[in-house]
Amino acid sequence: MTRLVIVESPTKAKTISGFLPKGYTVLASMGHVRDLPESASEIPAAYKHKEWARLGVDVANDFAPLYVIPARKRKVVQALKEALKTAEELILATDEDREGESIGWHLLEVLKPKVPVRRMVFHEITQEAIQAALRNPRQVDMRLVRAQETRRILDRLVGYTLSPLLWKKIGVGLSAGRVQSVAVRLLVQREEERRLFRSATYWDLRATLVTPEQPDQPFEATLQSVGDLRMATGKDFDERTGQLAESERKVLVLDEAAAQALAVRLRAGEWRVAELTERQQRQAPPPPFTTSTLQQEANRKLRLSANQTMQIAQKLYEEGYITYMRTDSVHLSAEAIQAARRAIVERYGESFLSPKPRQYTTKSKNAQEAHEAIRPAGTQMRTAEQLGLSGAEAALYTLIWMRTIASQMADAQIVTLNAAIQVADARFQANGRRIEFPGFLRAYVEGSDDPEAALQDRETLLPPLVVGAPLTCLRLEPIKHETQPPPRYTEASLIQTLEREGIGRPSTYASIISTIQERGYVVKRANQLVPTFTAYSVNRLLETHFPDLVDTQFTARMEQTLDDIAEGNADWLPYLKNFYCGENGLEKQVERKTQSIDPRTLHALSLEPIRAHVRIGKYGAYLEQLAEPEPLRASLPPDLPPAELNEATALRLLQQKAQGGSLIGYHPQTGKPILLLEGRYGKYVQLGEGEKPKRVALLKGMQPEQVTLEVALGLLSLPRALGVHPQTGKPISVGVGRFGAYVRHGDEFRSLEASDDVLSITLERALALLSQPKGASRVRKRAAPLRELGVHPEDKQPVALMDGPYGPYIKHGEVNVKLPPELSPETLTLAQALQLLAQKRKQSQRSAETASTSADRPRKLRKSKGAA
């Protein structure tokens, strides 16, 4: 007889097995073994006829959930049942948070063990932690289970009740979610602030100065005031008008001419040090990582998405390298503190150690789970090199290692020096910063979302200065400034805002951000999260008709109630009834709104001065302008951010549509519009307008929606010179004609093969084609990969980066995934590729389930794509 231990994953099972004595068998449940039905095909036959079966929750029966074992989990469950038959004890070793507790409870419900059951919990997978967990077992905590189940039911109620309303009023396939919709609203609000922003321009002066004693050490000073007037800064201007705010009239605003004149007047003046102010500062290190702060820093420093960060952290935890990665706590155990302090002494010396051990207090709103902070596992504080880690795992582990070490290091000691410099009636200021003692900055410098922010470990040194001493002005130049719109959210700043407002939980942020991207509500560009017009439309409906559901404070109160349920301070059933049932409950609200909302009144964005609106159609966002005898409509470029749509752009799009064209973008050099048009021989792109604009036909098989600005620019570069023939000296070019793509050498033409890309073909490849007999059949060659990224951990098949006609893509077996524009082919990692492949598989599964759902029930009962 053996003792059966069940964990969530094979990796975790393998690691734990090494720390258990003989007689223990460790198996993986592969996550949850049952859940609410995701599609009609999963609903048992006995329930298909019930009206509530689609929802998966029997509201009338005290919100009883309908749990099913998905087909993909049946073999796993059967294997666990077989193993349990020969076991003398069952030990549930799932993760210690609410999700893990819920998985353990579902295992009990499915397996129905007749042997003793124990629950063991641990926050790191080490020999000491596993042995301690075996000595101190407990039972499944039903308060945590109930809180997680209530969260799951709430998410289902919101998603499956609101999403059908969105299908009817806006478009099929849209979804709403309890937390995702609040996140989308934050993004839309910031984008709208950017759209309404009006830039202001102002000038000041920057002087380059030296002291007589240090002529080789120039420093800079910036104009602060002239007479009694302070110089205007960006914060003095109204973001909506670009004019000075009413409360900031007593400031000096210079234009270019005034700045030039002032510079001429001041250059000949006598420059002197008027005042010196020196301050001593001590800067304490940041606390060790929580889930949220780890996601933020990994996004800022490693450019990892929240989802990628959690996948890598999960692997590091399951392999025994870090502590549990889903935590709100900044607490460190006494053993971890001592290990960190030993490592500091060994690596940096006694002087870099904080005078006494530091212990931190969690400050985030509604913090839950009394876990330890994320840190290297064990008591040795080994580095990534010592553990043999590489790639993204090494980078993330090193980030965790540095943050943990820094938390026990001495404060940084910094001296700031502000020098006021007078010339005539103008005052300038020079700022210096000197690090007296680096302290924790030797190990770790915290990132910032502001790309202009100076790093904490940077120094700005000033020469020795004395009040009253003369200075020499080497250069005095006018500097132009333009106020900037509020920055778009990054994953890091969005997570920071969600945590500060108490929306969702750190363990859910990765899935929230992934969900809103998968649903088409957000696209990521250069690490920025840009909401789409679809997000605008959905947010407008929810803000207008269901304001509570997208209100940050309302959502935060929901999270607090779930925490109260977990702690035994609130009852789950009355809360669900109050939220969903009754005249003011969600169910009745949706019923009323289904009747009262007129889809014709819904639009994503209104441009009143030109009587136009942005609407969402079957093929994406489009402009609609009121006109006679019928409205004028024009498609919006799919890559146009809402903040960049103004009245002038909208009018241009509408006029071009009236003339028969669709705008793709603008040429980066000439500024001319690039249009997608259709003529006698099919669709083509055109550069500019006038008598003889350049036109190039689309490639064979190319769909209009594939023609991005980058593709259009490539087409317009044709015919493109590749070089000269080494034997004849004649030019060789590539182009597109009525019969497809070709290479040309004098009067000789050869068609490109299917694997050739007209936009990227090289001279060498063209020579190879020209060397073949005209009209001869050619053997299609399999394209060689740009890079071999590694092997897939599941099937050990290669994962490669390929180059295709529409750009680089990732290939694994029969699965191809286009490389997103924010990822570089040169720096793409295997971890990032696996994440994209996993998302593609999820999308394929969802499409298959949707098809199954369509066959199983009438269209009006189809489920949403999901709800978070």
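How do strand β31 and strand β32 pair, in the parallel or the antiparallel sense? Select residues 807–812 for β31 and 815–818 for β32: the two strands pair in the antiparallel sense, over four bridges. Here strands (E, at least two residues) and helices (H or I, at least four) are DSSP runs numbered from the N terminus, and two strands pair if DSSP finds at least two bridges between them. Tyr 809 sits opposite Lys 818 of β32. Now show the turn: β31 and β32 make a hairpin with two residues between them, and Gly 813 in that turn has a positive phi of about 60°.

A note before moving on: you are looking at a predicted model, in which local features need pLDDT of at least 70 and side-chain atom pairs count only at pLDDT 80 or more, while totals for chains, interfaces and linings use all residues. Residues are numbered from 1 along each chain as its sequence is written, and side-chain values use heavy atoms, with hydrogens and water left out.

**The open sheet**

Next, colour β2, β1, β5 and β6. These four strands form an open sheet in the order β2-β1-β5-β6, with parallel pairing. At the edges are β2 (24–28) and β6, each pairing on one side only. From one strand to the next, the twist averages 25°. Zoom in on β5 (residues 87–92), which runs parallel to β6 and is joined to it by three bridges. Leu 90 has Val 117 in β6 as its bridge partner.

**The nonpolar cores**

Select Phe 63, Phe 122, Leu 162 and Leu 645 next. They have the most contacts inside the largest nonpolar core, which has 159 residues. Such a core is a set of buried Ala, Val, Leu, Ile, Met, Phe, Trp, Tyr and Cys residues joined through side-chain atoms within 4.5 Å; buried means under 20% relative accessible area, exposed over 50%, and partly exposed in between (1.4 Å probe, protein chains only). Helix α5 (residues 142–169) gives the most to this core, with eleven residues. Around Phe 63, look for the residues it touches (heavy atoms within 4.5 Å), including Ile 153, Leu 157, Trp 572 and Tyr 580. Apart from this core lies another, of 28 residues, among them Leu 254, Ala 263, Leu 465 and Leu 476.

**Salt bridges**

Which residue forms a salt bridge with Glu 124? Show Arg 375: the closest N and O atoms of the pair are 3.2 Å apart. The rule asks for a side-chain nitrogen of Lys or Arg within 4 Å of a carboxyl oxygen of Asp or Glu, and by it the count comes to 48. Glu 124 lies in the loop between β6 (117–119) and α4 (127–135), and Arg 375 in the loop between α10 (334–348) and α11 (384–387), so the pair ties together parts 251 residues apart in sequence. Both Glu 124 and Arg 375 are buried.

Now pick Glu 393 and Lys 315, whose side chains meet in a salt bridge (3.0 Å, N to O). Glu 393 is in helix α12 (residues 391–406) and Lys 315 in helix α9 (residues 306–318), 78 residues apart. Glu 393 is buried, with a relative accessible area of 17%, whereas Lys 315 is partly exposed at 36%.

Residues making the contact include Leu 294 and Ala 298 of α8, and Met 310 and Ala 313 of α9.

Note on methods: Axes fitted to C-alpha atoms, helices over the stretch in contact; angles between N-to-C directions. Lists of a residue's contacts leave out its neighbours within four places in sequence.
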